[in-house]
Amino acid sequence: MANEPITGRADGVSRRRVLLGAAGTALSGLAGCLVRGEDSGLDGEIRIDGSNTVLPHGAVVSEEFQWRNNRVVIPVRGSGTGAGFQRFCAGETHIQNASRPILEGERDLCEQNGIEYLELETALDGLAVIAHPDNDWCEYLTVEELAAIWESGSDVETWSDVRPDDPNFPDEEIELYGRDPASGTFDYFTEQLTGEIGNIRSDYSASSDTNVIVRGVRGSRHALGFGGAGYYYENEDDLKLVGVDAGDGDVEPNRESIESGEYQPLTRSLYTYVRTDVFDREEVRAFARFYFEEIDGEATEAEIVDPGEELAWTQWAARRVGYYAVPDEQVRAGAEKLEDAIAEGRE
(Lines give C-alpha, C1' and ligand atoms only; values in the text may rest on other atoms or scores of the structure.)
Protein backbone atom coordinates (compact mmCIF):
# COMPACT_ATOMS: atom_id res chain seq x y z
CA MET A 1 0.00 0.00 0.00
CA ALA A 2 2.61 2.53 1.08
CA ASN A 3 4.86 2.06 -1.93
CA GLU A 4 2.63 3.95 -4.34
CA PRO A 5 3.33 7.70 -4.64
CA ILE A 6 0.92 10.38 -3.53
CA THR A 7 0.61 13.32 -5.91
CA GLY A 8 -1.82 16.16 -6.37
CA ARG A 9 -3.78 18.18 -3.80
CA ALA A 10 -6.23 16.60 -1.33
CA ASP A 11 -9.30 18.78 -0.77
CA GLY A 12 -11.49 18.34 2.30
CA VAL A 13 -10.76 15.45 4.67
CA SER A 14 -7.05 15.04 5.18
CA ARG A 15 -6.44 12.79 8.13
CA ARG A 16 -3.59 10.30 8.07
CA ARG A 17 -5.89 7.37 7.31
CA VAL A 18 -7.25 9.06 4.20
CA LEU A 19 -3.78 9.94 2.94
CA LEU A 20 -2.42 6.48 3.56
CA GLY A 21 -5.42 4.99 1.81
CA ALA A 22 -4.81 7.24 -1.15
CA ALA A 23 -1.27 5.94 -1.32
CA GLY A 24 -2.63 2.60 -2.44
CA THR A 25 -4.50 4.03 -5.42
CA ALA A 26 -3.27 4.76 -8.91
CA LEU A 27 -2.43 8.39 -8.16
CA SER A 28 0.93 7.98 -9.80
CA GLY A 29 -0.89 8.58 -13.06
CA LEU A 30 -1.30 12.22 -12.05
CA ALA A 31 2.43 12.80 -12.30
CA GLY A 32 3.06 15.35 -15.02
CA CYS A 33 -0.62 16.23 -15.52
CA LEU A 34 -1.55 18.35 -12.52
CA VAL A 35 -3.93 20.84 -14.13
CA ARG A 36 -5.19 22.78 -11.13
CA GLY A 37 -3.39 25.40 -9.10
CA GLU A 38 -1.01 28.16 -10.07
CA ASP A 39 1.78 28.25 -12.63
CA SER A 40 4.72 29.92 -10.89
CA GLY A 41 7.14 29.23 -13.72
CA LEU A 42 8.95 26.54 -11.76
CA ASP A 43 9.00 23.00 -13.13
CA GLY A 44 10.74 19.68 -12.52
CA GLU A 45 10.35 16.53 -10.45
CA ILE A 46 11.34 16.04 -6.81
CA ARG A 47 11.36 12.40 -5.70
CA ILE A 48 10.56 11.68 -2.04
CA ASP A 49 10.61 8.33 -0.23
CA GLY A 50 11.13 7.04 3.28
CA SER A 51 9.11 6.65 6.43
CA ASN A 52 5.56 5.37 6.18
CA THR A 53 4.94 7.31 9.39
CA VAL A 54 6.09 10.63 7.89
CA LEU A 55 4.43 9.95 4.52
CA PRO A 56 1.21 11.89 5.28
CA HIS A 57 3.13 14.96 6.46
CA GLY A 58 5.37 14.97 3.39
CA ALA A 59 2.35 14.43 1.16
CA VAL A 60 0.47 17.42 2.58
CA VAL A 61 3.47 19.75 2.28
CA SER A 62 4.05 18.63 -1.31
CA GLU A 63 0.34 19.02 -2.17
CA GLU A 64 0.26 22.59 -0.92
CA PHE A 65 3.50 23.42 -2.73
CA GLN A 66 2.31 21.85 -5.97
CA TRP A 67 -0.92 23.84 -5.79
CA ARG A 68 1.19 26.99 -5.90
CA ASN A 69 3.71 25.57 -8.39
CA ASN A 70 1.65 23.26 -10.57
CA ARG A 71 4.39 22.32 -13.01
CA VAL A 72 6.50 20.80 -10.23
CA VAL A 73 5.73 17.10 -9.74
CA ILE A 74 6.46 15.62 -6.31
CA PRO A 75 5.54 11.93 -5.95
CA VAL A 76 5.82 10.92 -2.29
CA ARG A 77 6.38 7.27 -1.38
CA GLY A 78 6.50 5.53 1.99
CA SER A 79 8.61 2.41 1.62
CA GLY A 80 9.89 2.73 5.20
CA THR A 81 12.68 4.65 6.88
CA GLY A 82 15.33 1.97 6.35
CA ALA A 83 14.34 1.11 2.78
CA GLY A 84 14.06 4.79 1.95
CA PHE A 85 17.59 5.50 3.20
CA GLN A 86 18.90 2.75 0.92
CA ARG A 87 17.43 4.59 -2.08
CA PHE A 88 18.38 8.04 -0.79
CA CYS A 89 22.00 7.06 -0.14
CA ALA A 90 22.17 5.51 -3.61
CA GLY A 91 21.12 8.81 -5.15
CA GLU A 92 17.75 7.52 -6.38
CA THR A 93 15.67 10.07 -4.46
CA HIS A 94 16.12 13.74 -3.63
CA ILE A 95 14.39 13.88 -0.24
CA GLN A 96 14.10 11.27 2.50
CA ASN A 97 11.45 11.24 5.21
CA ALA A 98 12.54 9.49 8.40
CA SER A 99 10.93 8.64 11.72
CA ARG A 100 14.38 8.43 13.34
CA PRO A 101 17.82 9.92 12.73
CA ILE A 102 20.03 8.36 10.08
CA LEU A 103 22.03 5.39 11.41
CA GLU A 104 25.80 4.91 11.19
CA GLY A 105 25.57 2.28 8.44
CA GLU A 106 23.32 4.56 6.40
CA ARG A 107 25.71 7.47 6.85
CA ASP A 108 28.53 5.23 5.65
CA LEU A 109 26.50 4.23 2.58
CA CYS A 110 25.82 7.86 1.73
CA GLU A 111 29.50 8.67 2.13
CA GLN A 112 30.50 5.76 -0.11
CA ASN A 113 28.19 7.08 -2.82
CA GLY A 114 29.20 10.71 -2.42
CA ILE A 115 25.77 11.74 -1.13
CA GLU A 116 25.82 14.74 1.19
CA TYR A 117 22.64 15.74 2.96
CA LEU A 118 20.95 18.16 5.30
CA GLU A 119 18.93 16.88 8.29
CA LEU A 120 15.85 18.92 9.23
CA GLU A 121 13.40 18.30 12.08
CA THR A 122 9.98 18.96 10.57
CA ALA A 123 7.34 17.44 12.91
CA LEU A 124 6.81 15.76 16.25
CA ASP A 125 5.09 12.49 17.07
CA GLY A 126 4.21 10.76 20.28
CA LEU A 127 4.25 7.00 20.59
CA ALA A 128 1.16 5.83 22.43
CA VAL A 129 0.83 2.79 24.67
CA ILE A 130 -2.61 1.36 24.00
CA ALA A 131 -4.85 -1.22 25.67
CA HIS A 132 -8.33 -2.69 25.24
CA PRO A 133 -11.11 -0.30 26.35
CA ASP A 134 -12.33 -2.88 28.90
CA ASN A 135 -8.96 -2.84 30.65
CA ASP A 136 -10.02 -1.36 34.01
CA TRP A 137 -6.84 -2.04 36.00
CA CYS A 138 -4.05 -0.24 34.16
CA GLU A 139 -4.22 3.57 33.95
CA TYR A 140 -0.48 4.06 33.51
CA LEU A 141 2.82 2.20 33.29
CA THR A 142 6.21 3.44 34.42
CA VAL A 143 9.13 3.51 32.01
CA GLU A 144 10.70 0.71 34.06
CA GLU A 145 7.55 -1.41 33.80
CA LEU A 146 7.37 -0.87 30.04
CA ALA A 147 11.02 -1.89 29.69
CA ALA A 148 10.41 -5.01 31.77
CA ILE A 149 7.47 -5.96 29.55
CA TRP A 150 9.15 -5.41 26.20
CA GLU A 151 12.86 -6.09 26.61
CA SER A 152 14.54 -9.14 25.15
CA GLY A 153 14.46 -12.07 27.56
CA SER A 154 11.57 -10.56 29.52
CA ASP A 155 10.03 -12.88 32.12
CA VAL A 156 6.80 -10.85 32.15
CA GLU A 157 4.04 -13.13 30.93
CA THR A 158 0.93 -11.94 32.75
CA TRP A 159 -0.43 -8.61 33.91
CA SER A 160 0.20 -9.63 37.50
CA ASP A 161 3.90 -10.03 36.63
CA VAL A 162 4.00 -6.32 35.74
CA ARG A 163 2.86 -5.08 39.15
CA PRO A 164 2.82 -8.01 41.60
CA ASP A 165 1.78 -5.88 44.57
CA ASP A 166 -1.34 -4.58 42.86
CA PRO A 167 -4.24 -7.04 43.37
CA ASN A 168 -6.13 -5.38 40.50
CA PHE A 169 -3.60 -6.59 37.93
CA PRO A 170 -5.02 -9.96 36.82
CA ASP A 171 -3.17 -13.20 36.42
CA GLU A 172 -3.93 -13.17 32.70
CA GLU A 173 -1.44 -13.45 29.85
CA ILE A 174 -0.58 -10.18 28.09
CA GLU A 175 -1.02 -10.24 24.32
CA LEU A 176 1.53 -7.85 22.85
CA TYR A 177 1.34 -5.96 19.54
CA GLY A 178 3.87 -3.55 18.04
CA ARG A 179 5.74 -2.37 14.97
CA ASP A 180 8.20 -4.63 13.16
CA PRO A 181 12.01 -4.21 12.98
CA ALA A 182 11.87 -2.45 9.58
CA SER A 183 10.11 0.48 11.22
CA GLY A 184 11.68 3.65 12.60
CA THR A 185 8.93 3.53 15.23
CA PHE A 186 10.30 0.15 16.35
CA ASP A 187 13.82 1.59 16.52
CA TYR A 188 12.75 4.58 18.59
CA PHE A 189 10.49 2.66 20.97
CA THR A 190 13.07 -0.01 21.74
CA GLU A 191 15.95 2.43 22.16
CA GLN A 192 14.04 4.78 24.45
CA LEU A 193 12.73 2.05 26.72
CA THR A 194 15.60 -0.44 26.76
CA GLY A 195 18.58 1.68 25.74
CA GLU A 196 19.29 -0.34 22.61
CA ILE A 197 17.67 -0.40 19.18
CA GLY A 198 16.13 -3.81 18.56
CA ASN A 199 16.25 -4.94 22.19
CA ILE A 200 12.78 -6.49 22.25
CA ARG A 201 11.20 -9.82 23.11
CA SER A 202 10.53 -12.14 20.19
CA ASP A 203 7.08 -13.38 21.17
CA TYR A 204 5.00 -10.31 20.29
CA SER A 205 2.84 -9.80 17.19
CA ALA A 206 4.84 -7.50 14.93
CA SER A 207 3.40 -5.58 12.00
CA SER A 208 4.50 -2.89 9.55
CA ASP A 209 0.95 -1.48 9.68
CA THR A 210 -0.22 0.28 12.84
CA ASN A 211 -3.84 -0.38 11.83
CA VAL A 212 -3.12 -4.11 12.27
CA ILE A 213 -1.82 -3.37 15.77
CA VAL A 214 -4.97 -1.41 16.55
CA ARG A 215 -7.16 -4.31 15.43
CA GLY A 216 -5.12 -6.76 17.53
CA VAL A 217 -5.37 -4.68 20.70
CA ARG A 218 -9.07 -3.99 20.39
CA GLY A 219 -9.66 -7.70 19.84
CA SER A 220 -8.43 -8.83 23.27
CA ARG A 221 -9.19 -7.48 26.74
CA HIS A 222 -5.68 -8.37 27.94
CA ALA A 223 -3.76 -6.89 25.01
CA LEU A 224 -1.15 -4.14 25.04
CA GLY A 225 0.47 -2.42 22.09
CA PHE A 226 2.36 0.63 20.87
CA GLY A 227 2.17 2.88 17.84
CA GLY A 228 1.85 6.49 16.77
CA ALA A 229 -0.50 8.50 19.00
CA GLY A 230 -2.52 9.66 16.00
CA TYR A 231 -3.74 6.11 15.46
CA TYR A 232 -5.17 6.09 18.97
CA TYR A 233 -7.09 9.31 18.36
CA GLU A 234 -8.53 7.87 15.16
CA ASN A 235 -9.74 4.84 17.14
CA GLU A 236 -10.33 6.17 20.65
CA ASP A 237 -13.76 4.56 20.93
CA ASP A 238 -12.11 1.15 20.46
CA LEU A 239 -8.94 1.64 22.52
CA LYS A 240 -7.72 2.81 25.90
CA LEU A 241 -4.76 5.16 26.23
CA VAL A 242 -2.25 4.14 28.90
CA GLY A 243 -0.30 6.96 30.51
CA VAL A 244 3.50 6.84 30.81
CA ASP A 245 5.27 7.76 34.05
CA ALA A 246 8.90 8.79 33.58
CA GLY A 247 9.26 9.76 37.24
CA ASP A 248 7.13 12.89 37.51
CA GLY A 249 3.68 11.33 37.30
CA ASP A 250 1.83 9.74 34.44
CA VAL A 251 1.31 11.74 31.24
CA GLU A 252 -0.78 10.95 28.18
CA PRO A 253 0.26 11.98 24.67
CA ASN A 254 -1.69 14.96 23.29
CA ARG A 255 -0.91 18.24 21.55
CA GLU A 256 -0.03 20.08 24.75
CA SER A 257 2.15 17.38 26.31
CA ILE A 258 3.98 16.54 23.08
CA GLU A 259 4.57 20.05 21.77
CA SER A 260 5.75 21.15 25.24
CA GLY A 261 8.07 18.15 25.58
CA GLU A 262 6.29 16.95 28.76
CA TYR A 263 5.48 13.50 27.33
CA GLN A 264 8.72 11.63 27.77
CA PRO A 265 10.50 9.51 26.72
CA LEU A 266 8.10 8.68 23.87
CA THR A 267 7.96 12.07 22.13
CA ARG A 268 10.12 11.94 19.03
CA SER A 269 11.17 14.19 16.20
CA LEU A 270 10.30 13.33 12.62
CA TYR A 271 12.88 14.23 10.01
CA THR A 272 13.26 15.37 6.44
CA TYR A 273 16.64 14.82 4.76
CA VAL A 274 17.53 16.74 1.62
CA ARG A 275 20.44 15.99 -0.70
CA THR A 276 22.58 19.11 -0.82
CA ASP A 277 23.78 18.47 -4.37
CA VAL A 278 20.26 19.24 -5.69
CA PHE A 279 20.18 22.72 -4.18
CA ASP A 280 21.41 23.97 -7.54
CA ARG A 281 17.84 23.37 -8.78
CA GLU A 282 15.51 26.28 -8.14
CA GLU A 283 12.43 24.10 -7.59
CA VAL A 284 14.23 22.08 -4.89
CA ARG A 285 15.37 25.23 -3.08
CA ALA A 286 11.83 26.63 -3.23
CA PHE A 287 10.28 23.41 -1.97
CA ALA A 288 12.72 23.05 0.94
CA ARG A 289 12.13 26.67 1.95
CA PHE A 290 8.37 26.15 1.74
CA TYR A 291 8.48 23.91 4.83
CA PHE A 292 9.52 26.90 6.95
CA GLU A 293 7.44 29.64 5.34
CA GLU A 294 4.42 31.03 7.19
CA ILE A 295 1.09 29.65 6.03
CA ASP A 296 -1.31 31.89 4.14
CA GLY A 297 -4.90 32.67 5.14
CA GLU A 298 -6.35 29.93 2.92
CA ALA A 299 -4.94 27.24 5.19
CA THR A 300 -6.47 28.44 8.45
CA GLU A 301 -9.87 26.93 7.64
CA ALA A 302 -8.71 23.51 8.86
CA GLU A 303 -9.29 24.73 12.47
CA ILE A 304 -5.89 23.62 13.65
CA VAL A 305 -4.44 27.09 14.13
CA ASP A 306 -5.12 28.64 17.52
CA PRO A 307 -6.23 32.30 17.70
CA GLY A 308 -3.26 34.58 17.21
CA GLU A 309 -0.98 31.67 16.33
CA GLU A 310 1.31 31.87 13.31
CA LEU A 311 2.47 28.53 11.93
CA ALA A 312 4.92 27.54 9.24
CA TRP A 313 3.76 25.04 6.63
CA THR A 314 5.63 22.19 8.30
CA GLN A 315 3.88 22.92 11.62
CA TRP A 316 0.46 23.26 9.98
CA ALA A 317 0.89 20.07 7.95
CA ALA A 318 1.91 18.13 11.06
CA ARG A 319 -1.29 19.06 12.86
CA ARG A 320 -3.40 18.58 9.77
CA VAL A 321 -2.50 14.89 9.53
CA GLY A 322 -2.66 14.18 13.26
CA TYR A 323 0.94 14.83 14.27
CA TYR A 324 2.36 17.71 16.27
CA ALA A 325 4.15 20.96 15.47
CA VAL A 326 7.83 21.49 16.17
CA PRO A 327 8.45 24.57 18.38
CA ASP A 328 8.80 27.98 16.74
CA GLU A 329 12.47 28.12 17.69
CA GLN A 330 13.00 24.85 15.83
CA VAL A 331 11.37 26.34 12.74
CA ARG A 332 13.70 29.34 12.89
CA ALA A 333 16.72 27.10 13.46
CA GLY A 334 15.70 24.86 10.55
CA ALA A 335 15.24 27.80 8.21
CA GLU A 336 18.67 29.18 9.12
CA LYS A 337 20.29 25.77 8.73
CA LEU A 338 18.68 25.41 5.31
CA GLU A 339 19.81 28.84 4.10
CA ASP A 340 23.38 28.13 5.26
CA ALA A 341 23.38 24.84 3.32
CA ILE A 342 21.95 26.45 0.20
CA ALA A 343 24.54 29.25 0.34
CA GLU A 344 27.37 26.77 0.88
CA GLY A 345 26.18 24.59 -1.99
CA ARG A 346 26.05 27.52 -4.41
CA GLU A 347 29.51 28.93 -3.59
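Q: Phe226 first: buried or exposed?
A: Phe226 counts as buried, at 1% relative accessibility. Buried means under 20% relative accessible area, exposed over 50%, and partly exposed in between, with a 1.4 Å probe and protein chains only. Keep in mind that this is a predicted model, where local features need pLDDT of at least 70, side-chain atom pairs count only at pLDDT 80 or more, and totals for chains, interfaces and linings use all residues. Residues are numbered from 1 along each chain as its sequence is written, and side-chain values use heavy atoms, with hydrogens and water left out.

Q: OK, and which ring does Phe226 form an aromatic pair with?
A: Phe189, and the pair is stacked, with 3.7 Å centre to centre and 5° between the planes. Rings of Phe, Tyr and Trp (its six-membered ring) pair if their centres lie within 6.5 Å; planes under 30 degrees apart count as stacked, over 60 as edge-to-face and the rest as tilted. Phe189 lies in helix H7 (residues 184–194) and Phe226 in strand S9 (residues 223–228), so the pair ties together parts 37 residues apart in sequence. Phe189 is buried too, with a relative accessible area of 1%.

Q: How many aromatic pairs are there in the whole structure?
A: A search finds 18. Ring pairs also link Phe65, Phe287, Phe290, Tyr291, Phe292, Trp313 and Trp316 into a cluster.

Q: Trp313 and Trp316, where do those sit?
A: Both are in H12, and both are buried there. Eight of the eight residues of helix H12 (residues 313–320) are buried, so the helix is largely enclosed by the rest of the structure. That includes Arg319 and Arg320. After H12 comes Gly322, with a positive phi near 95°.

Q: What are you calling helices and strands, and how many are there?
A: They're DSSP runs numbered from the N terminus: helices are H or I, at least four residues, and strands are E, at least two. The protein chain has 13 helices and twelve strands.

Q: Which residues touch the most others in the largest nonpolar core?
A: Leu141, Trp150, Leu224, Phe279, Phe287 and Trp316, in a core of 85 residues. A nonpolar core here is a set of buried Ala, Val, Leu, Ile, Met, Phe, Trp, Tyr and Cys residues joined through side-chain atoms within 4.5 Å. Strand S5 (residues 117–131) gives the most to this core, nine residues. Another core lies apart from it, with nine residues, among them Phe88, Ala98, Ile102 and Tyr271.

Q: Switching to Val217: what is it in contact with?
A: Leaving out neighbours within four places in sequence, Val217 is in contact with Ile130, Ala131, His132, Tyr177, Ala223, Leu224, Gly225 and Leu239. Contact means heavy atoms within 4.5 Å. Val217 is in helix H8 (residues 210–218) and is buried, at 0% relative accessibility. Its C-alpha is 5.8 Å from that of His132, 85 residues away along the chain.
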